[in-house]
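Let's take a walk through a protein model together. Keep the sequence and the 3D view side by side, and look up each residue as we get to it.

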Amino acid sequence: MLPKSILVTGSSGLIGSEAVEHFDRQGHQVHGIDNNMRAVFFGDQGDTTWNLERLRRITSNFTHHNLDIRDRIALETLFRSHPFDLIIHCAAQPSHDKARDIPILDFEVNALGTVNLLEATRLHCPNAVFVFISTNKVYGDSPNELPLKELETRWEYARLEDYNGINENCRIDRSLHSLFGASKASADLMAQEYGRYFGMKVGIFRGGCLTGPSHSGVELHGFLSYLVKVAIAGRTYSVFGYKAKQVRDNIHSRDVVRAIEEFSANPRTGEVYNLGGGRENSISMLEAIAKVEQMTGKKMNWKYVDQNRIGDHICYISDLTKFKSHYPNWNITIGLDEIFRQIIVDHSNRLRSAGVSKPTPEWQCSLLYQRKNP
Ligand SMILES: NC(=O)c1ccc[n+]([C@@H]2O[C@H](COP(=O)([O-])OP(=O)(O)OC[C@H]3O[C@@H](n4cnc5c(N)ncnc54)[C@H](O)[C@@H]3O)[C@@H](O)[C@H]2O)c1
């Protein structure tokens, strides 16, 4: 296979960094764009510098560009000098709740930034494959209209026909999105349009909960990463509404990148896919807390806030049928236990390298787990 020239935006983030690692390992020339804006959105806890440094240590063909995707002139210069074969667009303001405080910045990054990249691709490398990581929040709260039943630890779809979860026919308008959902829906529609109208090879992945050890988890974004971080630090986790039985499906960043790879090998024009962990990787808040307690051997401090996040999904499971039927080589390869294990081990290691010299009980628990499950 000839080496390709690949651009990854949001390359210091969860999905971007996984993509950089994956395609660098295969010998491709990988360019990353990231201006560490996650730290602007979420403060020090969201800082991704550690991940950029990690990438610099472990890659061989990676070039980092400290660019802002809102800067059209800078993008123009980059695209003019690099004819990319594949663009993986992961840079975003990723939080539902944060968008409320920064509506203009959220829209500029998510919607305008995406159009800047689509247009640069159209002008300079129209035959490239363009993958946009969208979100299940484009559906707003319409998934909540499905009839549900309450089980002991989770909400569940009441009808057998909904068992596989939400498919791409769910409507995206006339629902409550949050400003984040609306800015991502704008970008999602523009990406579809560049595929359908201009015939470009554009794929749109509407993510469920994307997760993995490279997340700089914060309260407002990165559910499992933040849950584990709080558990290991012995702090208190807040659960918002729905009796703590809300269900999320979780997909490891590696399985996301494998999906991108499959699409880029056989691209379609303006196709939309739901991409999450599916039913087998679904878990409720109560179940996630129980799992963290079981795996760390430590009781977790958490409190219940009797007010759900505005527009939050009650039970969201991505129906993966469409993607699997177009790309039968792809499947979920990393289950929930392994996802939890990796995040626990990684957070413990990060604590250690941050200079916590004496092992805390939390540490010992996770290291115990690490030893039992090498
Ligand atoms: N993590 C999830 O649960 C989830 C769920 C659904 C969809 N998504 C989508 O997947 C994509 C990747 O998410 P993630 O979890 O890797 O997010 P992330 O926050 O870990 O990574 C995004 C990266 O983009 C960078 N960035 C932000 N604004 C930028 C700008 N203006 N210019 C350059 N870089 C900028 C940030 O610094 C960050 O490193 C996003 O589009 C997000 O909306 C994520």
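We start with helix 1, which has twelve residues and reaches 17 Å from its first C-alpha to its last, close to the 16 Å expected at 1.5 Å a residue. Keep in mind that this is a predicted model. Is helix 1 enclosed or open? Eleven of its twelve residues are buried, so helix 1 is largely enclosed by the rest of the structure. Among those buried residues are Leu 14, Ile 15, Val 20, Phe 23 and Asp 24.

Now zoom in on Glu 18, which is found in helix 1. Its relative accessible area is 8%, and since buried means under 20%, Glu 18 counts as buried. Which residues does Glu 18 touch, not counting those up to four places away in sequence? They are His 252, Ser 253, Arg 254 and Val 257.

Next, some backbone angles. Just after helix 1, Gly 27 takes a positive phi of about 90 degrees. Asn 36 also has a positive phi, although it is not a glycine. You'll find Asn 36 in the loop between strand 2 (29-33) and helix 2 (37-42). Ala 244 is another residue other than glycine with a positive phi, and its loop runs between strand 10 (236-240) and strand 11 (247-252). Ala 244 has a relative accessibility of 1%, so it counts as buried.

| Residue | Phi |
|---|---|
| Gly 27 | about 90 degrees |
| Asn 36 | about 55 degrees |
| Ala 244 | near 65 degrees |

On to the inside of the protein. The largest nonpolar core has 32 residues, and those with the most contacts inside it are Phe 23, Ile 88, Val 131, Ile 133, Phe 205, Val 256 and Trp 330. Several elements give two or more residues to this core, including helix 1 (14-25), strand 5 (129-135) and helix 8 (253-265). Apart from this core lies another one, of 31 residues, and Met 37, Phe 79, Ile 87 and Val 109 are among them.

Leaving aside its neighbours within four places in sequence, Trp 330 is in contact with several residues, among them Ile 251, Asp 255, Leu 275, Leu 320 and Phe 323.

What about the pockets? The largest pocket has a volume of about 240 Å³. Its lining includes Gln 45, Lys 229, Arg 235, His 347 and Ser 353. By class, that lining has four nonpolar, three polar and three charged residues. Which element gives the most to the lining? Helix 11 does, with four residues. Helix 7 (223-233) and helix 11 (336-353) each supply at least two.

Helix 11 itself has 18 residues and reaches 26 Å from its first C-alpha to its last, close to the 26 Å expected at 1.5 Å a residue. Its buried residues include Leu 336, Phe 340, Val 345 and His 347, and His 347 is also one of the residues lining the largest pocket.

Last stop: the second largest pocket, with a volume of about 180 Å³. It is lined by 14 residues, of which Leu 146, Asp 162, Gly 165, Ile 166 and Asn 167 lie nearest its centre. By class, this lining has four nonpolar, five polar and five charged residues.

Methods. Residues are numbered from 1 along each chain as its sequence is written. This is a predicted model: local features need pLDDT of at least 70, side-chain atom pairs count only at pLDDT 80 or more; totals for chains, interfaces and linings use all residues. Side-chain values use heavy atoms; hydrogens and water are left out. On a 1 Å grid over the protein atoms alone, a cavity is a set of points where a 1.4 Å probe fits but cannot get out, and a pocket is an open set with protein on both sides within 12 Å along at least five of seven lines; lining residues have an atom within 4 Å of a point. Grid points are joined across faces, edges and corners, and a volume is the space filled by probe spheres set on the points. Ala, Val, Leu, Ile, Met, Phe, Trp, Tyr, Cys and Pro count as nonpolar, Asp, Glu, Lys and Arg as charged, and the others, Gly among them, as polar. The expected span of a helix is 1.5 Å times one less than its number of residues. Buried means under 20% relative accessible area, exposed over 50%, partly exposed in between (1.4 Å probe, protein chains only). A nonpolar core is a set of buried Ala, Val, Leu, Ile, Met, Phe, Trp, Tyr and Cys residues joined through side-chain atoms within 4.5 Å. Contact means heavy atoms within 4.5 Å.
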